[in-house]
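Dear colleague,

I am handing over the structure below, and my notes on what was found in it follow directly after. Please read them alongside the coordinates.

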Amino acid sequence: MQYDGHTPIDLEQERIEILNAFKGLLRATKDRSRDETKLIRKAFDIALEAHKDMRRKSGEPYIYHPISVARICAEEMGLEPTAIVCALLHDTVEDTHITLQDIEDIFGVTVRKIIDGLTKIPEVFDENTSIQAENFRKMILTISDDFRVVLVKLADRLHNMRTLSSMKPEKQLKIASETKFLYAPLAHRLGLYPIKSELEDLSMKYCEPEVYQQIEGKLKSTQDVRNRFIRRFVAPIRTELQHQGYDFDIKARTKSISSIWRKMQTKDVPFEEVFDVFALRIILNTPHEREKSDCWRVYSVVTDFYQPSPERLRDWVSTPRANGYESLHTTVMSPQGRWVEVQIRSKRMDDIAEHGLAAHYKYKESNSETNKFDRWIAEIRDLLDNPDSSALDFVNDFKLNLFNDEIYVFTPKGELRVLPTGSTILDFAYDIHTQIGNKCIGAKVNNRLVPLSYELQNGDQLEILTSNKQKPNDEWLRFVVSAKAKQRIKQALNEAHKLVAADGKEILERKFKQHNIRNTPENIRALEKHFHIDTTTNFYYKIAKGKIDLAQLRELNVVAGNIILERKIRSKKIKGSEEDLLNEGINTDTDTIIIGEDFKGFDYTLAKCCSPIPGDSIFGFITISSGIKIHRFNCPNAVHLLSKLAYRCLKARWQNNALVERVAAIRIIGIDQIGLVNRLTEIISKQNNINMKSISFETNDGVFEGRIKVLVFDTAQLEQLTRKFEQVEGVKSVTRWDAAVDSEELS
Ligand code: MN
């Protein structure tokens with residue numbers, strides 16, 4: 001690609017300027033040995049030669065880009081020579097004849113791996129979301145091998161953002177919004193605050209140019225007033241700190257345009273009312289062991305002069321944030337009635353805040369408790385290890401991880417756990433172990449019993465309560481905010497979904513037999529189409545959940561337009577259903593009892609052990625002294641009666657339209673929550689035609705068991721009620737409740 005501008009290029013002059021830029025890079029790279037300097041020089045020579053015929057959109061030689069990226073790595077991230085070498089070479093394999101093998105031959109396998117990782121991350125993600133997600137995942141996978149991949153990539157993106165004006169407008173917008181969406185949060189998470197702010201500001205400049213320029217203008221026009229104010233505000237503090245003999249530095253930092261804009265939006269105030277347009281930073285040069293106490297002493301000096309706001313005290317010195325940030329923040333009132341944010345930190349803390357990860361490693365030996373990066377990496381790896389997670393889910397969950405701030409809670413033994421803000425006891429349970437999460441029924445927070453949905457507060461101490469009978473359900477996804485918990489619940493639900501689907505499959509097979517329909521893939525596909533269902537697993541699942549009207553099977557091939565079910569040639573007797581199998585044992589010589597309002601002929605009563613209601617499959621049993629008792633086929637006593645005393649059993653069925661109310665008993669198991677009983681009774685009272693006969697509740701260690709007797713007309717009505725109960729928060733299972741074996745019913 002040759003530059004085709006109108007000004008002739010002085011190539012000799014250009015060469016001198018390039019060399020100067022490289023010298024600037026060398027000056028910015030501190031702590032390099034002679035050998036390392038040689039390697040950097042070699043990387044520069046190779047990149048210069050490889051990119052020699054290329055120019056950037058702005059017209060300048062391409063080599064300026066890798067030099068600038070390397071300089072950002074050295075100066076703004078404090079990275080070491082290997083990263084500088086990689087930054088210089090980062091575009092060679094993708095854009096020139098240089099191969100990964102060449103790189104490995106000259107610079108060794110570490111540099112090869114980093115360049116390989118960098119080459120895999122495309123400049124702009126494809127429109128196709130799944131490709132985008134997949135690439136992002138690859139990027140993270142590579143980071144876990146070597147963090148320098150993502151750091152060099154961030155430097156690359158920062159330089160591209162700084163030079164974005166020479167791009168075409170539509171490309172500007174795409175790159176800018178992607179920067180906001182992916183890279184700024186990543187920089188934040190890595191503790192690279194200045195880079196994060198600059199990325200956000202630059203993307204805002206292109207995505208929302210009007211607002212950006214407006215705020216930029218206002219910042220400029222108020223600069224002088226601000227400086228005067230700061231000088232007067234700082235003066236007494238400076239004098240007192242000098243008097244006490246501190247070695248310190250005070251800086252005034254104007255907030256980034258994007259964070260001012262965020263404040264204006266969240267607080268709904270104009271620019272003039274954003275109180276913390278700037279913050280004061282007091283940086284102490286103090287030995288590590290005195291950091292904490294010195295920060296607090298300086299705090300006391302500041303608050304001797306100015307009144308602090310207690311709600312705005314942030315102590316990240318005692319408890320650093322997960323990304324390693326440490327600082328003591330307070331907001332104080334100036335004599336002019338203006339709030340001023342003051343940040344107090346040691347030089348080491350400032351270094352970490354400014355340079356993030358790299359500085360963090362530099363200090364790592366001297367401070368063993370700052371291993372939170374490792375925890376974060378472990379979390380990401382954990383998610384990646386999960387084979388079930390689709391790539392898109394991963395990005396969504398990951399983003400969630402990036403944007404959340406954290407809260408601090410404790411285990412019963414006093415161990416500190418950091419979780420995203422908004423976490424519930426479920427997030428906590430899953431953070432400890434997947435099985436603890438899956439079996440969690442509630443928790444004791446500060447010795448008080450709370451439901452699963454309880455939102456954790458800073459400083460809570462938790463003891464998780466578990467039960468082997470517990471299972472995750474869909475509702476849980478609404479309670480959790482951490483990516484890990486979401487992931488684990490989805491996985492458990494998927495497994496449960498498959499189990500339910502297996503039941504559905506059996507039900508369908510039985511129905512097919514009953515209606516003489518061939519069990520062929522064609523028939524199943526025809527039904528899926530008819531019921532508008534996407535997958536066979538879903539189809540089975542919905543059948544099991546009773547959400548598909550299988551009664552339609554009888555007429556479907558006649559009624560439906562293009563649905564034709566292939567049926568078997570009718571045989572005389574259709575076997576297969578559960579009921580049919582049981583019926584075989586029944587004395588068929590006698591008449592069938594018809595159970596209904598106008599009963600004639602037989603003297604019968606409904607068995608108390610299973611309380612049948614219209615719609616239930618039933619049979620009659622002749623007792624010695626109390627006439628005929630009607631039982632459900634799924635009565636706990638049925639198997640005994642039908643197998644051992646079959647000669648005393650009779651066929652029975654419900655008379656159609658028999659509108660008589662019957663007692664049905666329901667057992668509800670769940671987690672004790674305030675207002676739960678109220679919600680359950682409310683459901684019953686709102687249902688027309690259902691009367692409650694009795695209700696009783698027992699609670700044991702957070703788990704409640706409720707027994708409700710209601711009057712219903714048939715199973716359809718009962719099922720409707722059951723489904724409503726199942727939807728209540730905290731309810732785990734709703735079943736028909738059968739009384740224990742009652743000898744009266746059996747004799
Ligand atoms: Mn690049």
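The protein chain has an accessible surface of about 37900 Å², and carbon and sulfur atoms account for 49% of that area. Please keep in mind throughout that this is a predicted model. Of the 747 residues in the chain, 47% are buried, and the secondary structure amounts to 31 helices and 20 strands. When contacts between residues at least 6 apart in sequence are considered, 67% of them join residues that are at least 24 apart.

The metal site comes next. A manganese ion is coordinated by His 65 and His 90, each through NE2, and by Asp 91 and Asp 156, each through OD, at 2.2 to 2.5 Å. Along the sequence these donor residues follow the spacing H-x24-H-D-x64-D. The two aspartates link distant parts of the chain, since Asp 91 sits in the loop between helix H4 (81–89) and helix H5 (92–95), while Asp 156 belongs to helix H9 (residues 148–162), 65 residues apart. Asp 91 has a relative accessible area of 8% and is therefore buried, and Asp 156, with a relative accessibility of 2%, also counts as buried.

Ile 695 lies in strand E18, which covers residues 691–700. Because its relative accessible area is 32%, Ile 695 is classed as partly exposed, and this value passes the cut-off of over 30% that patch residues have to meet.

Key:
Residues numbered from 1 in each chain as written. Predicted model: local features only at pLDDT ≥ 70, side-chain atom pairs only at ≥ 80, totals over all residues. Heavy atoms only, no water. Helix = DSSP H or I, 4+ residues; strand = E, 2+ residues; numbered from the N terminus. Buried < 20%, exposed > 50% of the residue type's maximum accessible area, 1.4 Å probe, protein only. Donors = N, O, S within 2.8 Å, 3.2 Å for Na, K, Ca; no water. Contact = heavy atoms within 4.5 Å. Areas by Shrake-Rupley, 256 points an atom, 1.4 Å probe, with all protein chains shown as cover.
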